[in-house]
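Subject: Structure for your files

Hello,

Here is the structure, with the sequence alongside. My notes follow below it.

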Amino acid sequence: MHLKFPMTLMALMIGATGMTTAQAYEGDWKRGRVYYRGVCTTCHTAQGSSPISPNARTMDEWSAYLKADKHAGGKDTVSQYVGKAYRDSIKESNKAAEKYADVPDEELMEDVRVFLLKGAKDGDSPASCS
Amino acid sequence: MNTQRFRRRTFLPLFFILGAILQVPATAGAATTEAPPAKSVKMNSTADHTKYEELQQPFASGPEVTKACLKCHTEAAGQIHRTKHWTWEFLNPENGQRLGKKNVLNNFCIAISQNYSFCTGCHIGYGWKDKDFDFTSEVNVDCLACHDTTGSYRKPAGNAGNPVVGEPMEMPPGSGKMVKPVDLTKVARKVGKTSRDNCGNCHFYGGGGDGVKHGDMDSSLAAPDRELDVHMDATGLDFTCGTCHKTSSHDVPGSRYMPTAKEKHGAYIRGKGEKVNPATCQACHGNTPHKSPILLKTARMNTHAEKMACQVCHIPAFARGGVATKMSWDWSTAGQKGADGKHMVKKDATGHVVYDTRKGDFVLGHDVVPEYRWFNGDIKYTLLGDKVEKSANPTPINRIDGSPDDGRSMIWPMKVMRGVQPFDPVNKTLVMPHVAGNDDLGYWKNLEWEKAIADGMQNVNAPFSGKVDFIKTEMYWPITHMVAPKEKVVACAECHAADSRLKGLPGIYMPGYSANGWLDILGWLAALTALLGVLIHGAVRITLSLRKAG
């Protein structure tokens, strides 16, 4: 019985916080651009695989890709490479990861999402890798 | 136990939702407590334009947006009206020349006469489609060109400075290429400070394409890394254009029409030197910018800075961001059609267009080492009506002045754009042809120079004989962007060598380059003699000491 009230209060708080974040945050496409090019493109290039231009996919394709959250054919996730843990692991050698080291995961993910949609083949401003 | 689990499973999600619903009143209630939580605010602006009543409406045109902007920003349009960005005119107080895009010629698309609808896609106004544009109109000022933050605001060439609104528009007509309409309401509610993207929408694409004109400005500067530009590095200092081109009352300093070649004032100090150009290196770094633990090195480098613009060493090459720039344009070869009798385009191995039926031959370059000239800031343009003479030497579109001994000049890196363009061999003047457009007079449609030039010249009341010939021209573009990090600057040996970057520049003596055989021999003999003297002297001293001790 003693446990019920704190759990209820916690649920109320988490719900409120989650809603506030979702309501308040609008993706910053410029930050998404820097992260996408500075981390995603750089890594793809360094590993010898060809980088994926935002304009290589349509908005629907990017939305579906991000929603599925599968990277490298499902071996891992996209969100993992935007997450703080990953940024921390590469920030010594990657300036974009270092610059955005403290950005909440969901914000940075949203930044990348709006950049990709904007830069998609059928987006407002189709964008290349560089 | 099961009941408890049921309650937990049923009510906990409900509490999540309830918490979310109650979130707003809960925050409002908190404001009455002694220590209210800080509310979420925008930190990059003092105003959230999404909340403005004037912007809660659909906008069907650019001027409608401007009208809403001006309700609060009452002085903005008046300020804009006084700027070069609006008038496209500049009266050079030094020589009285009336310059600006409205008056000058270049060796790219040549001039704006009768090409208004295309060129004015980069005017900060709406509707400039001919010479009768109303420059006194306030609602025709385009606020969004410089203050859009969504990156979705576009003004396609050929639409007289208007964005596409409402329905998609085929541009150019008949091409099958559709331009998406701009959501003006969304853009208007998200206006903000001017960014590199805003300036870049025009300045990166000068000359008709990415990187074409300037060489040191292209789309790679929208979010550059440190290697490309140490100041604009998006993960570092992240300068916007306005950080250096410090704007006041909408007037952007740092014009190429009257550049500062040698800044004598040093660092820009607040409250002093209001006339100082803030867009120079010295405005921040001063006139003795180098600091090294080795005093002699500091002194040597600062001595270099007395005669050489910072850009000479700190911009080793231009077009370094992966975007090629045009280095020459030969209009005289335009008009050749393909085997099928249609317009054709030829590309090089890298995909760059090197020939276009409508435009002639191009040479493009990237990672281009600049040419170097003495420059004192004085530039004189060859304007319409000025006499030109066809010869082996190119006609200067702009003539830069400078010499090693006028006390005002520095060595500057330049992009020299070379061209072959039409001129009137009878009147001996350059000409302003009507090139763009889908009408029968424009050269890109009819491929007839006489018609195109006659139309362009008539529009500006300039005489045209009806004869057309081609003349070599060149145009200077001082290089000042794409500043490399200090570890990538021009190495000493690139100038102090027989194949010096500064080869041919008059009035300089550079060890390693300006070597004179006899002088070198004499110098080495002197050094060798001094060394021998020291060795002999030392040997004598040591011998005498040993004898004394023995």
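Over all chains the structure holds 30 salt bridges, a salt bridge being a side-chain nitrogen of Lys or Arg within 4 Å of a carboxyl oxygen of Asp or Glu. This is a predicted model, in which local features need pLDDT of at least 70 and side-chain atom pairs count only at pLDDT 80 or more, while totals for chains, interfaces and linings use all residues. Residues are numbered from 1 along each chain as its sequence is written, chains are lettered from A and ligands numbered from 1 in the order in which they are written, and side-chain values use heavy atoms, with hydrogens and water left out.

Salt bridges

In chain A, the side chains of Asp88(A) and Lys91(A) form a salt bridge at 3.3 Å, N to O. Asp88(A) is partly exposed at 41% relative accessible area, and Lys91(A) is partly exposed at 29%. For these labels, buried means under 20% relative accessible area, exposed means over 50%, and partly exposed lies in between (1.4 Å probe, protein chains only).

In chain B, Arg98(B) is bridged to Glu89(B) at 3.7 Å, N to O. Both ends are partly exposed: Arg98(B) has 43% relative accessibility and Glu89(B) has 24%. Arg358(B) and Asp356(B) pair at 3.4 Å, N to O. Here Arg358(B) is partly exposed at 26%, whereas Asp356(B) counts as buried because its relative accessibility is 9%. There is also a network of salt bridges that links Glu371(B), Arg373(B), Arg418(B) and Glu474(B).

Chain B overall

Chain B has 16 helices and 15 strands, taken as DSSP runs numbered from the N terminus (helices H or I, at least four residues; strands E, at least two). Its radius of gyration is 31 Å, well over the 24 Å that the globule rule gives for 550 residues, so chain B is more spread out than a compact globule. That radius is taken over C-alpha atoms, and the rule is 2.2 Å times the number of residues to the power 0.38. The C-alpha trace of chain B spans about 110 × 90 × 50 Å along its principal axes.

Of the 550 residues in chain B, 41% are buried. Among contacts in chain B with a separation of 6 or more, 67% are between residues 24 or more positions apart; contact means heavy atoms within 4.5 Å. The accessible surface of chain B is about 29600 Å², with 58% of it belonging to carbon and sulfur atoms. Accessible areas come from the Shrake-Rupley method with a 1.4 Å probe, and for residues only the protein chains shown count as cover.

Nonpolar cores

The largest nonpolar core has 57 residues, and those with the most contacts inside it are Trp331(B), Tyr381(B), Ile411(B), Tyr443(B) and Leu502(B). Such a core is a set of buried Ala, Val, Leu, Ile, Met, Phe, Trp, Tyr and Cys residues joined through side-chain atoms within 4.5 Å. Elements of chain B that each supply at least two residues of this core include strand S9 (371-375), helix H15 (449-459) and strand S15 (469-478). S13(B) gives the most, with eight residues. A second, separate core of 27 residues includes Cys69(B), Ile80(B), Ile112(B) and Tyr153(B).

Leaving out residues up to four places away in sequence, Trp331(B) touches a set that includes Phe108(B), Val420(B), Trp444(B) and Phe470(B). Arg358(B) is also among the residues touched by Trp331(B).

Surface patch

Leu528(B), Leu531(B), Leu532(B), Leu535(B), Ile536(B), Val540(B) and Leu544(B) make a nonpolar surface patch of about 660 Å². Patches are made of residues with over 30% relative accessible area and no salt bridge, with like charges joined within 9 Å and nonpolar side chains (Val, Leu, Ile, Met, Phe, Trp, Tyr) within 5 Å. Leu531(B) lies in helix H16 (residues 517-549) of chain B and is partly exposed at 48%.

Backbone points

The peptide bond from Met171(B) to Pro172(B) is cis, with omega near -15°. Pro172(B) sits in the loop between S3 and strand S4 (178-179) of chain B. Lys428(B), although not a glycine, has a positive phi of about 55°; it is in the loop between S13 and strand S14 (429-430) of chain B. Asn461(B), also not a glycine, has a positive phi of about 55° and is in the loop between H15 and S15 of chain B. Asn461(B) is exposed, at 67% relative accessible area.

Regards
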